[in-house]
Amino acid sequence: MSRANRSSEELWVCHLGVVPYRDGLVMQELVRARRQTDELPDTLLLLEHPPVYTRGRRSGAEDLPFPEDFYRAKGIDVFDTNRGGRLTYHGPGQLVGYPIMGIEDIGGYLRAMEGAIISALAEERIAARSRHAEGIDYTGVWVQERKIASIGVHVSRGVTTHGFAVNVDLDLEPFSWVLACGLPDVQMTSIAAELRPSNPGHADYDSAAPRAFDTTRMPCVRRRMAFAFCEAHGRRQRLVTPRRLGIDTANAARRAERAPIKMISSPLAEPVSA
């Protein structure tokens, strides 16, 4: 089988651990440039970010009701991006996926991403759903009326960056300090919150059950999400190292300083909602 045929059947998956948000942008651009020239096949980067608010192309001043210094005093950076959608929060305990793929149908791509997340959550015994038919601000994945995963995509020359963020086991309070996803009454949730006995929907409901972070949950969710994403696209998963993708994780920050990412889209670039 030729290399081209193997690449069309595979989706490369790279686990990166905790990555500063700016470094993550640099890594995406490096991989996308190689994907656009067919040096790499479709690729999924899986990682976590330190605390950061990211503003999409449809974000407004109302999304951050307090001065940026208020958030930075709490250890949360604020970053503008070229992805679609409004403002969201990333932090440790949230699984972030950046698929860098060649696509033709944006709508189908978004629905496949939602479907993959819903499938992975089902493996965690969580019944989730898509609400995209209710409007652009409802893109993502929901458990009843609670949002558990956000989606925001950017497409340039037919290749995507950005992607999805699934709340696994993280502090949800930072969502309450902003207008998350542009929805004034949105309630954010996580896998841990849905499975915790203090959740009224839990079979062993106990309103006094303590809050405890489970550091063992993320690796399992990460594996399930990678499998579900590849399955949704009819691909065979191939695990690869950052080096195989041409990513220098140790020097990403210095590379960013030398060549800052410009957030101005080209005429062929298209942001998609989150």
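I began with strand β6, residues 94–100, and found it mostly covered, with seven of its seven residues buried. For me, buried means under 20% relative accessible area, exposed means over 50%, and partly exposed lies in between, using a 1.4 Å probe on protein chains only. Strands here are DSSP runs of E with at least two residues, helices are runs of H or I with at least four, and both are numbered from the N terminus.

A note on the source: this is a predicted model, where local features need pLDDT of at least 70, side-chain atom pairs count only at pLDDT 80 or more, and totals for chains, interfaces and linings use all residues. Residues are numbered from 1 along each chain as its sequence is written, and side-chain values use heavy atoms, with hydrogens and water left out.

Which way do the residues of β6 point? I saw Q94, V96, Y98 and I100 point one way, and L95, G97 and P99 the other way, all of them buried.

Next I looked up the pairing, which requires that DSSP finds at least two bridges between two strands. Strand β2 (residues 43–48) runs antiparallel to β6, and five bridges join them. Here T43 stands opposite I100. Strand β10 (residues 159–167) also pairs with β6 in the antiparallel sense, over four bridges. I noted F164 in β10 as the bridge partner of G97.

**Salt bridges**

My rule was a side-chain nitrogen of Lys or Arg within 4 Å of a carboxyl oxygen of Asp or Glu. How many salt bridges does that give? The count comes to 20.

I looked at R236 and E10, whose closest N and O atoms are 3.6 Å apart in a salt bridge. This pair links distant parts of the chain, with R236 in strand β12 (residues 236–239) and E10 in strand β1 (residues 10–18), 226 residues apart. R236 is partly exposed at 42% relative accessible area, while E10 is buried at 10%.

I then checked D38 and R35, whose side chains meet in a salt bridge at 3.1 Å, N to O. D38 is exposed at 60%, whereas R35 counts as buried at 15%.

R235 and D42 came next, with closest N and O atoms 2.8 Å apart in their salt bridge. R235 sits in the loop between α6 (217–232) and β12, and D42 in the loop between α2 (21–36) and β2, 193 residues apart. R235 is partly exposed at 21%, and D42 is buried at 3%.
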